Amino acid sequence: MTRIVIIGGGPGGYEAALVAAQLGAEVTVVDRDGLGGSAVLTDCVPSKTLIATAEVMTSFDSSYEELGILVADGTPDAADPARVVGVDLGKVNRRVKRLAIAQSHDITQAVTRAGVTVLRGRGRLGAGGQAMDGSREVLVDHTDGTVESLRADAVLIATGVRPRELPDAQPDGERILAWTQVYDLEELPRELIVVGSGVTGAEFAGAYQALGSNVTLVSSRDRVLPGEDPDAAEVLEDVFRRRGMNVMSRSRAESAKRIGDRVEVTLADGKVITGTHCLMAVGSIPNTADLGLEEAGVAVNDWGQIKVDRVSRTSAPGVYAAGDCTGVFMLASVAAMQGRIAMYHALGDAVQPLNLKTVASNVFTDPEIATVGYTHADVTCGKMDAVEIKLPLRGNPRAKMQGIRDGFVKLFARPGTGIVVGGVVVAPRASELIHSISLAVDNNLTVEQVAGAFTVYPSLSGSTAEAARQLHIRKREGAGS
């Protein structure tokens, strides 16, 4: 029986464990914090649970009047635009942590039912390299201080990342916060400064603004979400500003310090902004230190991320890596796929290398931004020859009924064949609407096939079919000319 040891119990680790057990391996997972990893305990599950509450608040605040909803108590008149609903953040956060723990428990049960051994502790590669039989040593530092040695025919490293900290902006867990610490707040921050306008910063800035905080978003770049579709980022930034957020572009934070019950954030140009709380969202650091990687021959890049190929192999024989610690594409879905692919390869099963051009991703702001396949940047730089079309949602009948004014559907297709190679959706529940485009990209469907499939009327998904129809017309006009 092949012996598999997995260091780290996040999506890359526990999904790999389930696959390896199903394929008949003897599997051990070494985990320090609880199965599910940061994705379940401090990142994806908690943040999206918080955002779910914020989403309800935003939907109500932005459309209750237009939709004719009356509130029995405290309904404002035209001269008093005060909020009609509020939030108990302590209660919200207790629910967040309860759901996260429950999800971790469910994962642990599923893994142990599959026959996997779970050890609580910190795993690292032994210094001896491969033995004569091809196995490797994994050392487990248990929580009681003891050290256990395991032999493995293949090792998977899935140790994830942790929040990056600026030297002059150290989180204290009370006023200056990392994203892992926000769930201990009992009261809503009155004035929240969010440093960093990537996905994490934008999601939390939008969520806390919806919950009732006065939010200042400090962005070192020209716009929020610099890595996303520019049209999508423009829509979101416009929504943020319209809802009262102070978005400070081209503003790099140098330091954050607590002054009593307030926080002062100093920018690179010397300007100082103040608030009651500050959330630092300035990237992440891979958890790859002190794992014995160098001694084992596992190569890392300048950022400490483990180098892997498309079947999750590292530079050391018998050692694989998956998830955020590889820096490949920092999504739970990609981590899980990397882990599964690693086990298929290690155990001799049929394996299809990772294809990042079929990965669907989503930014859980309001509106959401979902993408798949080739992007506007790929088309602009010539990496992909494609035509694109953008169809605003304001013309969609279902959007009109629901009071949705912001958002669009964008498709990219090959000019000759009409094969769909990418897409962007900016809308409420874009994470659900992107699936039809993902299917088209994954299966090389043409715009004619997408346009020819029935959609429900009225529905937001109808805009995807309409965009495909318009691309088909454009293709015919191009062929005729």
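Q: Is Cys-381 buried or exposed?
A: Buried means under 20% relative accessible area, exposed over 50%, and partly exposed in between (1.4 Å probe, protein chains only). Cys-381 has 59% relative accessibility and therefore counts as exposed. Cys-325, at 0%, counts as buried. This is a predicted model: local features need pLDDT of at least 70 and side-chain atom pairs count only at pLDDT 80 or more, while totals for chains, interfaces and linings use all residues. Residues are numbered from 1 along each chain as its sequence is written, and side-chain values use heavy atoms, with hydrogens and water left out.

Q: How many disulfides does the whole structure contain?
A: A disulfide is a covalent bond between the sulfur atoms of two cysteines. The criterion here is a pair of cysteine sulfur atoms within 2.5 Å, and a search of the whole structure finds zero. For Cys-325, the closest cysteine sulfur belongs to Cys-44 and lies 15 Å away, too far for a bond.

Q: What is the strand order in the open sheet of three strands?
A: Strands of a sheet pair through backbone hydrogen bonds, either parallel or antiparallel. Strands are DSSP runs (E, at least two residues), numbered from the N terminus, and two of them pair if DSSP finds at least two bridges between them. In this open sheet the order is β12-β13-β14, with antiparallel pairing. β12 (253-259) and β14 (272-275) each have a single partner strand, so one side of each is left without a neighbour in the sheet.

Q: How many bridges join β12 and β13?
A: Six bridges link β12 to β13 (residues 262-267) in the antiparallel sense. Ser-255 stands opposite Thr-266 in β13.

Notes
Helices (H or I, at least four residues) and strands (E, at least two) are DSSP runs, numbered from the N terminus.
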